[in-house]
Every structure is written in C-alpha cells, then in structure tokens.
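Visitor: I would like to go through this model with you and ask about the labels as we meet them. Could you show it to me?

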Amino acid sequence: MPYTDDYERDIYGIIAFWVQNNYDHGRFFDREISHHEMELARANQHMIQRLGTIFEKTKSKTVDPGALINEAQHATNEFHGLLVYTLDKSLRCETIISTPQSLLDHMIREAEETVSVFKLIQTGGRVSPADAIIHENYFWLRQMADHLSYITHYLDTSNYELHDQVRNMTKKFENLFLQANALRTMIRPPRKEVLPALDGFSQMVIKETKALEAFKLELDELIKQCAAVTTSPPDLLEHIAREAHHLWRNLEDRVVL
Ligand SMILES: [Fe+2]
Ligand SMILES: [Fe+2]
C-alpha cells in the first residue's frame, strides 16, 4: 500500500490529497474525450498541466501553504467550471465523450468539496466532532457507492463472479448512505455531542470502508498487471482506495479535512 504508509496529515498532505484528486480526474477524463472534441481535450489538458504543477509544488513543501491553497483554489474552480459545462453539454447530447454523466457529477462534487475544505482551512473555521461525522458520512458514502458502480462500468461483462461481488458491495454502501442521510436529519444541529447511535454507525462505516479500501487495492494490483479484463484507467483503483482511506481516517479523527 504505497500511499497508506506515507499518507501525511499535515497541511501539505491535506492540500496534496485534494489537488491530486482533481489532477487524477483530469487525467482519467483525458482518456475518454473523443478526437472530435479537440477544444475540450485542449482545455482539459491545460487543467491537467496546471493541477500537476501545483501537485508537484505541494509535494516539495517549499511554497507557503497559504499561497498554495490560493493557487489550488483558483485551478479547482476553473476545472469545476469545465466539468459543469461538459456535463450540461453531455445532458443535451452535444458532446462526444465516453464518461457517464453521473461520473462527471461525481467529479464535480469532489471539486466542490475541495473548494469548501480549502475555504475552511483559509478561514480557520471549526467543525464539531458530531458535525464532522455527519458530514463525512453523508458526503463520502455516496462517493463510495458510486466508486463501486464505476468499477462495474469499466469491468468487462465476462467477470461474472466479480460483478456479483461488486453488486453486493454496492448495495451495502447504498444502504450505509441512506442511513447517513437519515441520521443527518434525525440528529439536528446544533450537534454538541456525538450520540451513541452516531458513534455506533461511524464505527460500522470505518470497518466497512477499511474492507472496501483493501478490496480496491487488491483489484488495483490485478489491473496494473493487466490480469483483470477491464477498460479502467490503470491507477483508478488506487485513486478510489485513497478516497476510502481518507474517509475512515477522517471518521477516526472526527474531522472534515
Ligand atoms: Fe476522486
Ligand atoms: Fe471519488
């Protein structure tokens, strides 16, 4: 697990997680733009370059974090705009791409989350442990269920057993998402304490998400060795495993980062 061992939670590590997330999205999207869409491909290439440069700066840890967040904030907003524009075109059948609309929306939501986490850091805002648990579960469990759907999307039909396994896991995460949504309204703000029901739910999610991360990394190995019949980008599974890792770490620390 290369990223797990050096997954740092200092300010640079937090910025790096979000910048890499959007940078990877750009790279994955690049593979799915038709050659009929040269303008879109060029605009997306430009975003990959910009986000890639910021990612390198973040890893070098030599630039002031405040300046880095500012730069990342601008680039993410611009990338968000490109994705929103593309999704709108796609819903009108006016663009030739093979990325499903819900996957574009998935990336848009993560870009929005990036911007709001950066804002939180910039303003030094505090989120109570209970609010953090509610928010992380509500935001990320939908993403986790989506990831499983996208594994299905890329997996060749011939993987019958794997398709069954992924379908069962999708159902599990869809249920967890529904429960997160129920708790979000049942436990109303102001949320001054972590109620036992919320803590119990969170512990269950931590356990399931660790298992999901392990599953994604297992599949990642197979895909990287070209031993699974799939059209998935080679490092997509590592990307979504990193997001699973991010979720359970935030739940354990009771933070939004
Ligand atoms: Fe992502
Ligand atoms: Fe994701």
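**Labels and their cut-offs**

Guide: Let us start with Glu136, which is buried, with 25 other C-beta atoms within 10 Å. This is a predicted model, in which local features need pLDDT of at least 70 and side-chain atom pairs count only at pLDDT 80 or more, while totals for chains, interfaces and linings use all residues. Residues are numbered from 1 along each chain as its sequence is written, and chains are lettered from A and ligands numbered from 1 in the order in which they are written.

Visitor: Why is Glu136 called buried?

Guide: A residue is buried if 20 or more other C-beta atoms lie within 10 Å of its own, exposed if 12 or fewer, and partly exposed in between, with C-beta atoms placed from the backbone. Glu136 has 25, so the label buried applies.

Visitor: Where does Glu136 sit, and what does Glu136 touch?

Guide: Glu136 belongs to helix α6; helices here are DSSP runs (H or I, at least four residues), numbered from the N terminus. Not counting residues up to four places away in sequence, Glu136 touches Leu247, Asn250, Leu251 and Val256. Contact means that the C-beta atoms of two residues, placed from the backbone, lie within 7 Å.

Visitor: What makes α6 roughly antiparallel to α9?

Guide: Helix α6 (residues 129-154) and helix α9 (residues 236-253) pack at an angle of about 160 degrees, with their axes 10 Å apart. That makes α6 roughly antiparallel to α9, because angles over 145 degrees count as roughly antiparallel (under 35 is roughly parallel, 65 to 115 roughly perpendicular and the rest oblique). The axes are lines fitted to C-alpha atoms over the stretch in contact, and angles run from 0 to 180 degrees between N-to-C directions.

Visitor: Which residues of α6 and α9 meet there?

Guide: From α6 come Ile133, Glu136, Trp140, Gln143, Met144 and His147, and they meet Ile240, Glu243, Ala244, Leu247, Asn250 and Leu251 of α9. By class, this contact has seven nonpolar, three polar and two charged residues. Here Ala, Val, Leu, Ile, Met, Phe, Trp, Tyr, Cys and Pro count as nonpolar, Asp, Glu, Lys and Arg as charged, and the others, Gly among them, as polar.

Visitor: What makes Trp18 buried?

Guide: Trp18, in helix α2, has 25 other C-beta atoms within 10 Å, so Trp18 is buried. Leaving aside neighbours within four places in sequence, Trp18 is in contact with Thr114 and Val117. Trp18 and Leu257 are 239 residues apart in sequence and 9.3 Å apart in space, C-alpha to C-alpha.

Visitor: Is Cys93 buried or exposed, and how do you know?

Guide: Cys93 has 7 other C-beta atoms within 10 Å, so Cys93 is exposed. Cys93 lies in the loop between α4 (65-91) and α5, and has a positive phi of about 60 degrees although it is not a glycine.

Visitor: Why does Arg254 count as partly exposed?

Guide: Arg254 has 17 C-beta neighbours inside 10 Å, so Arg254 falls in the partly exposed class. Arg254 is in the segment after α9, with a positive phi of about 55 degrees although it is not a glycine.

Visitor: What makes the peptide bond from Pro189 to Pro190 cis?

Guide: The bond from Pro189 to Pro190 has omega near 0 degrees and is cis. Pro190 is in the loop between α7 (160-186) and α8 (196-224).

Conventions
Helices (H or I, at least four residues) and strands (E, at least two) are DSSP runs, numbered from the N terminus.
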